[in-house]
Amino acid sequence: MFGRRRFVAAGAAILAAPSIVRAQAFPSGRVTMVVPFPAGAATDIGARLYAEQLSAMWGQPVVVDNKGGGNGIPAAEAVARAKPDGLTIFATSAMTQAVNPAIYDKLPYDPVDSFEAVTRMGTSPFVLLVDANSPIKTAAELTAKLKANPARNNYGAGALPARVASELYKMEAGVEAVYVGYKSNPQAIPDLQSGLLSFMMIDTVNAALAIQRGALKGLFVTDTERYAQLPDLPTAAEAGYPGALLTTWTGYYVPKGTPRAIVQKIHDDLAAVAAKPEVKVRLEASGWTPRLMSPEEFTAFTVSERERWGKIIHRANIKVE
């Protein structure tokens, strides 16, 4: 009888071992979620929402650390050098992982080799825009205008991803327009309204705000599906430009060498948060469509996005200014 009880106890201990390992896998302490953009940016809004939810779920503080500037390079480097224990999470976007590798000859981090991919969190397309009072109603009409006056057209962008999206439209439409840089995408809007710019491509959040207040007119979104906040806008394919597909995205990474159990836990808990209806509503209101991936899928996605954005950037000869 004693032997049987000892066997049962041993068996119970073995069965309980995985849960013990899981419980011990994630360290206690403050979790820092590093965002390579200033407070209020689209990536930051999502990060703060997830940090709030994860903090409650884990019973430990999850704080957002905004390391804006330098096209996200200082933030990426800081995470790459952080201790791989799960207490540092990188909430970033295509900017650091796909754009930077194509515009800088050297980086202090590698978008794939310096991190463990956790999950893609969401995607957000760009919107092709003209002034609200412009007689142009479709992308085809804008293309015709640009072709009719090839040396008299400018476009504006205040962020590199928006510039890349604009260059992709130019390639697909076979048109020319001179790039005019701004400190942020919204700063270009007055010049588009005044006629100094012929068009611009910006993120869905700022585009929706400008359209809803009657300042600008949207011609298409650079995605395969219509954008929920602007349902009347056609997709790129519907507008006649099936090759003008480009979405920026947010994703979460941790330093290279972080144990697999921790990576999976962060992934699973982020997925649980994203599945909450109230979270989805808040994310979509800030311009993001939740589209999660497994760590393996997100690793492959990071590689493919680096190549995709790189091809557009090199073809357009975009350089660091």
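Two strands are said to pair if DSSP finds at least two bridges between them. Strands (E, at least two residues) and helices (H or I, at least four) are DSSP runs, numbered from the N terminus. The model is predicted, so local features need pLDDT of at least 70 and side-chain atom pairs count only at pLDDT 80 or more, while totals for chains, interfaces and linings use all residues. Residues are numbered from 1 along each chain as its sequence is written, and side-chain values use heavy atoms, with hydrogens and water left out.

S4 runs antiparallel to strand S9 (residues 247-255), to which nine bridges join it; here Pro-125 stands opposite Thr-247. Five bridges link S4 with the antiparallel strand S8 (residues 216-221), where Asp-131 faces Leu-216 as its opposite residue. Four antiparallel bridges connect S4 with strand S7 (residues 199-203), and Leu-129 has Met-200 as its bridge partner there.

The structure also holds one cavity of 30 Å³ or more, a cavity being a set of points on a 1 Å grid over the protein atoms alone where a 1.4 Å probe fits but cannot get out. About 80 Å³ of space lies in the largest cavity, the volume being the space filled by probe spheres set on the points. Helix H2 (42-58), S4 and S9 each give two or more residues to its lining, and H2 provides the largest share, five residues. Among the lining residues are Met-121, Gly-122, Thr-250 and Tyr-252.

Technical notes. 1 Å grid on protein atoms, 1.4 Å probe; cavity = no way out; pocket = protein on both sides within 12 Å on 5 of 7 lines; lining within 4 Å.
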